Amino acid sequence: MKNFRRSVTTTGPPESPTNAGAGGGRTDEELVRATLDDRPGASAAFAARMVCIHRYLGSSTAARGLGSAAIDDLAQEAVLRTWANRARYAGSARLETWMIGITQNVLLETLRRRADDRQRR
């Protein structure tokens, strides 16, 4: 589990309300609010956190059989959904965990669609 946490962390230790002031960091909720308010630099900081999406897909056993082009398409769809739904982020989990949840849903939808397509043939 320790290695998995390292593989999805992109900006150092997770920020929480207790360490948000250290080094001028933001909590995950503050970051999302900043993107919604279109504050300077917030979109870039949010995008940097989305690196976990491609890392997850690259390491996912389920995604390995899809090929690099399909994984890129999945990552793009997950990024778009994450950005579009950022106002729904409730802060009950780390931001990266929430992003990976969206990514898992995109992956499962794709796998189901491919299985349905194969059954129809």
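The protein chain exposes about 7,500 Å², and carbon and sulfur atoms supply 51% of that area. These values, like those that follow, come from a predicted model. Of the 121 residues in the protein chain, buried residues make up 31%.

The fold is built from seven helices and zero strands. Read along the sequence, the elements follow the pattern α-α-α-α-α-α-α. Contacts in the protein chain can also be sorted by separation in sequence: among those between residues at least 6 apart, 65% join residues at least 24 apart.

**Helix α7 and threonine 103**

Helix α7 has 26 residues. From its first C-alpha to its last, α7 reaches 38 Å, which is close to the 38 Å expected at 1.5 Å a residue. Several residues of α7 are buried, including Leu95, Trp98, Met99, Ile102, Val106 and Leu107.

Threonine 103 also lies in helix α7. Is this residue buried or exposed? Threonine 103 counts as buried, because its relative accessibility is 1% and the limit for a buried residue is under 20%. What lies around threonine 103? Leaving aside neighbours within four places in sequence, threonine 103 is in contact with Ile53, Tyr56, Leu57 and Ala78. A polar atom of the threonine 103 side chain also lies 2.9 Å from the backbone oxygen of methionine 99. Methionine 99 is itself among the buried residues of α7.

**Salt bridges**

Side chains of opposite charge can pair when their charged atoms come close. In this model the count comes to seven salt bridges.

| Aspartate 37 | Arginine 39 | 2.8 Å |

How far apart in helix α6 are glutamate 77 and arginine 81? They are four residues apart in α6, which covers residues 68–84, and so about one helical turn separates them. An α-helix has 3.6 residues a turn, so residues three or four places apart point the same way. Glutamate 77 is partly exposed at 31% relative accessibility, and arginine 81 is partly exposed with a relative accessible area of 26%.

Glutamate 109 counts as partly exposed, at 30% relative accessibility. Elsewhere, salt bridges that share partners join Asp28, Arg49, Arg94 and Glu96 into one network. Glu96 is listed among the buried residues of helix α7.

Technical notes: Residues are numbered from 1 along each chain as its sequence is written. This is a predicted model: local features need pLDDT of at least 70, side-chain atom pairs count only at pLDDT 80 or more; totals for chains, interfaces and linings use all residues. Side-chain values use heavy atoms; hydrogens and water are left out. A salt bridge is a side-chain nitrogen of Lys or Arg within 4 Å of a carboxyl oxygen of Asp or Glu. Helices (H or I, at least four residues) and strands (E, at least two) are DSSP runs, numbered from the N terminus. Buried means under 20% relative accessible area, exposed over 50%, partly exposed in between (1.4 Å probe, protein chains only). A polar contact is a pair of N or O atoms within 3.5 Å; within protein, one must be able to donate a hydrogen and the other to accept it, and residues adjacent in sequence count only if both atoms are side-chain atoms. Contact means heavy atoms within 4.5 Å. The expected span of a helix is 1.5 Å times one less than its number of residues. Accessible areas come from the Shrake-Rupley method with a 1.4 Å probe; for residues, only the protein chains shown count as cover.
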